[in-house]
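Please look over the sequence and structure first.

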Amino acid sequence: VDLSTTIAGVKLPNLLLNASGVNCRFENELQQLVESKSGSLITKSATLNSREGNPEPRYAPLAGSIGSINSMGLPNQGYEYYLNYAKNFDYNNTAGKPLFISLAGLSLAENKTMCEAFRDANLPCVLEVNFSCPNVPGKPQVGYDMEAMEQALQVLDPIIGRPFGIKLPPYFDIAHFDQAAAIFNKFDNVVFVTCINSVGNGLAIDLDSETALIKPKDGFGGLGGLLVLPTALANVNAFYRRLKPGKQVIGCGGVTSGKEVFLHILAGASAVEIGTQLMEEGTGVFERVQKELVELMTAKGYKSVEEFRGKVKTL
Ligand SMILES: O=C(O)c1[nH]c(=O)[nH]c(=O)c1Cl
């Protein structure tokens, strides 16, 4: 069974990778991903300067393993740390794993500076511009401001000057799928969108203590895990149906096993990111999920993901 895929012109030996933000802030964590059975890896979203992020507790699993809530607040080492990592990355590693870099500037100026630095370094890594962090107080998500998103792309696309992707928030209105896809179809370098980032500003409350699970923002944080699966599948499929040929969708959200990876591919995903389940299980999740996906494909008679990608049936 062939699980390989190609994103932005780079080959992934298998279609699984981490969701940006999980197990990828520090070099030792990134090395764990390199040594894992993932097909590639992506760094924690970087800002111009390093950040401590929000006060803890800022992440919590939800009762009944239905998902997670986080308001990390973009803790990261600053973009130069990840630029340096990308300069030293072994692109000829035996596993053949490519490297993705996530950038989440707090302003267009920050994103411009970071994208110029990566352009000047001219490295084989692939950029994923994060327009969807829901947890920086006072910073509304660019992904929910269509005009700002288009203006940002008008500035960043020519600077990046090569294929790149965008990490999107979940949309919940068909008109928003239409508007966002129409924007991305204007930029030839935007060759993939990653759907979805966490479902913003949920509130998880503990029944016994009658207290919010996380400290920042009165307990408001992004939701992930199984509970967001139907929203993730809808966003993957909405953009799969709307983006021009040649543009791809990376699925993210609700993956706990091979089953949900299969559903993401059926919805149209060319690669699939794992966040909450990686946070809870550790990097062994990639081997387990891959085995389950192969078993499921074999049971269904599929030899490659191309045979069923995007082929979700409707009634
Ligand atoms: O709070 C975070 O760091 C964070 N948390 C998320 O759930 N998505 C993001 O893109 C980011 Cl940047």
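Predicted model: local features only at pLDDT ≥ 70, side-chain atom pairs only at ≥ 80, totals over all residues.

Residues are numbered from 1 along each chain as its sequence is written, and side-chain values use heavy atoms, with hydrogens and water left out.

**Ligand surroundings**

- Around the ligand (a heavy atom within 4 Å) are Lys44, Asn70, Met72, Gly73, Leu74, Pro75, Asn130, Cys133, Pro134, Asn135, Asn197 and Ser198.
- Asparagine 70 places a polar side-chain atom 2.8 Å from an oxygen atom of the ligand.
- For asparagine 135, a polar side-chain atom lies 2.9 Å from a ligand oxygen atom.
- Serine 198 has a polar side-chain atom 2.8 Å from an oxygen atom of the ligand.

**Pockets**

- Pockets and cavities are found on a 1 Å grid over the protein atoms alone: a pocket is an open set of points with protein on both sides within 12 Å along at least five of seven lines, a cavity is a set where a 1.4 Å probe fits but cannot get out, and lining residues have an atom within 4 Å of a point.
- Points are joined across faces, edges and corners, and a volume is the space filled by probe spheres set on them.
- The largest pocket has a volume of about 820 Å³.
- Its lining has 49 residues, with Ser20, Gly21, Val22, Asn70 and Gly275 nearest the centre of the largest pocket.
- Helices (H or I, at least four residues) and strands (E, at least two) are DSSP runs numbered from the N terminus; β5 (59-61), β6 (68-70), β14 (220-224), β16 (269-274) and α8 (276-281) each give at least two residues to the lining of the largest pocket.
- Helix α8 supplies the largest share of that lining, four residues.
- Sorted by class (Ala, Val, Leu, Ile, Met, Phe, Trp, Tyr, Cys and Pro nonpolar; Asp, Glu, Lys and Arg charged; the others, Gly among them, polar), the lining of the largest pocket has 21 nonpolar, 21 polar and seven charged residues.
- The second largest pocket has a volume of about 360 Å³.
- It is lined by 21 residues, and Gly105, Leu106, Ser107, Pro140 and Val142 are the closest to its centre.

**Cavity**

- There is one cavity of 30 Å³ or more, and the largest cavity has a volume of about 90 Å³.
- Phe118, Arg119, Leu123, Cys125, Val126, Leu127, Ile160 and Arg162 line the largest cavity.
- Two or more of its lining residues come from each of α3 (108-121) and β8 (126-130).
- The lining of the largest cavity holds six nonpolar, no polar and two charged residues.

- Threonine 5, in strand β1 (residues 5-7), counts as buried because its relative accessibility is 5%; buried means under 20% relative accessible area, exposed over 50% and partly exposed in between (1.4 Å probe, protein chains only).
- The side chain of threonine 5 reaches the backbone oxygen of serine 270 at 2.9 Å.
- Arginine 25 sits in the loop between β3 (16-18) and α1 (27-35) and, at 16% relative accessibility, counts as buried.
- Leaving out residues up to four places away in sequence, arginine 25 touches (heavy atoms within 4.5 Å) Lys44, Arg51, Glu52, Arg58, Pro75, Asn76, Gln77, Tyr81 and Tyr82.

Notes:
Polar contact = N/O pair within 3.5 Å; in protein donor to acceptor, adjacent residues only side chain to side chain.
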